[in-house]
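User: I would like to learn how to read side-chain features in a model. Please take them one at a time, with the general idea before the case.

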Amino acid sequence: MTSKLNDENIEFLYDAILELRDKEECYKFFEDLCTINELKSISQRIVVARMLTEKNVYSDIVAATGASTATISRVNRSLSYGAGGYDEIFKRLNEKKREK
């Protein structure tokens with residue numbers, strides 16, 4: 001694994017997440033694991049990333065999500081210079097949407 005975040009605790013977390021079977025299990029697990037604010041922040045970031053990949057401008061993203069321009073900039077940097085995780089997930093979600 002080449003991630004900068006590779007350590008035992010993170011490895012254990014990812015292994016646990018990969019054991020989740022459906023959305024209901026995700027709700028239960030993440031509700032136990034995270035605070036409401038943490039979940040809102042994480043979900044806000046992925047929506048910001050989606051909107052950025054759809055070429056929305058910052059002002060529209062702020063209006064739709066309530067994210068600060070600093071958060072939008074951080075997410076934009078991840079999209080441009082990150083590990084490609086957002087791209088992979090959006091690709092899979094789009095494929096799934098097309099299959100329906």
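User: Which residues form a nonpolar patch on the surface?

Analyst: A patch is made of residues with over 30% relative accessible area and no salt bridge, where like charges are joined within 9 Å and nonpolar side chains (Val, Leu, Ile, Met, Phe, Trp, Tyr) within 5 Å. A salt bridge here is a side-chain nitrogen of Lys or Arg within 4 Å of a carboxyl oxygen of Asp or Glu. Accessible areas come from the Shrake-Rupley method with a 1.4 Å probe, and for residues only the protein chains shown count as cover. In this structure Ile46, Ile89 and Leu93 make up a nonpolar surface patch, with about 240 Å² of accessible area together. Leu93 belongs to helix H6; helices (H or I, at least four residues) and strands (E, at least two) are DSSP runs, numbered from the N terminus.

Two notes on the source: this is a predicted model, in which local features need pLDDT of at least 70 and side-chain atom pairs count only at pLDDT 80 or more, while totals for chains, interfaces and linings use all residues. Residues are numbered from 1 along each chain as its sequence is written, and side-chain values use heavy atoms, with hydrogens and water left out.

User: Is Leu93 buried, partly exposed or exposed?

Analyst: Buried means under 20% relative accessible area, exposed over 50%, and partly exposed in between (1.4 Å probe, protein chains only). Leu93 has a relative accessible area of 48%, so Leu93 is partly exposed.

User: How many salt bridges does the rule give?

Analyst: Side chains of opposite charge can pair when their charged atoms come close. The count here is one salt bridge. Arg92 and Glu88 form it, at 3.2 Å from N to O. Both residues lie in helix H6, four residues apart, about one turn of the helix. Arg92 is partly exposed because its relative accessibility is 49%, and Glu88 is partly exposed at 32%.

User: How many aromatic pairs does the structure hold?

Analyst: A pair of aromatic rings is described by the distance of the centres and the angle of the planes. Rings of Phe, Tyr and Trp (its six-membered ring) pair if their centres lie within 6.5 Å; planes under 30 degrees apart count as stacked, over 60 as edge-to-face and the rest as tilted. The structure holds two such pairs. Phe29 and Phe30 are edge-to-face, because their ring centres are 5.3 Å apart and their planes stand at 80 degrees. Tyr86 and Phe90 are stacked, with 6.0 Å centre to centre and 15 degrees between the planes.

User: Where do Tyr86 and Phe90 lie, and is Phe90 buried or exposed?

Analyst: Both are in helix H6 (residues 85–99), four residues apart, about one turn of the helix. Phe90 counts as buried because its relative accessibility is 12%, whereas Tyr86 is partly exposed at 23%.

User: How many disulfides are there?

Analyst: A disulfide is a pair of cysteine sulfur atoms within 2.5 Å. The structure holds zero. The sulfur of Cys26 has its closest cysteine sulfur in Cys34, 11 Å away, so the two are too far apart for a bond. Cys26 is partly exposed at 31% relative accessibility, and Cys34 is buried at 15%.

User: What is phi of Lys55?

Analyst: Most residues other than glycine have a negative phi. Phi of Lys55 is near 70 degrees, a positive value in a residue other than glycine. Lys55 sits in the loop between helix H3 (36–53) and helix H4 (58–65), and Lys55 counts as exposed at 70% relative accessibility.
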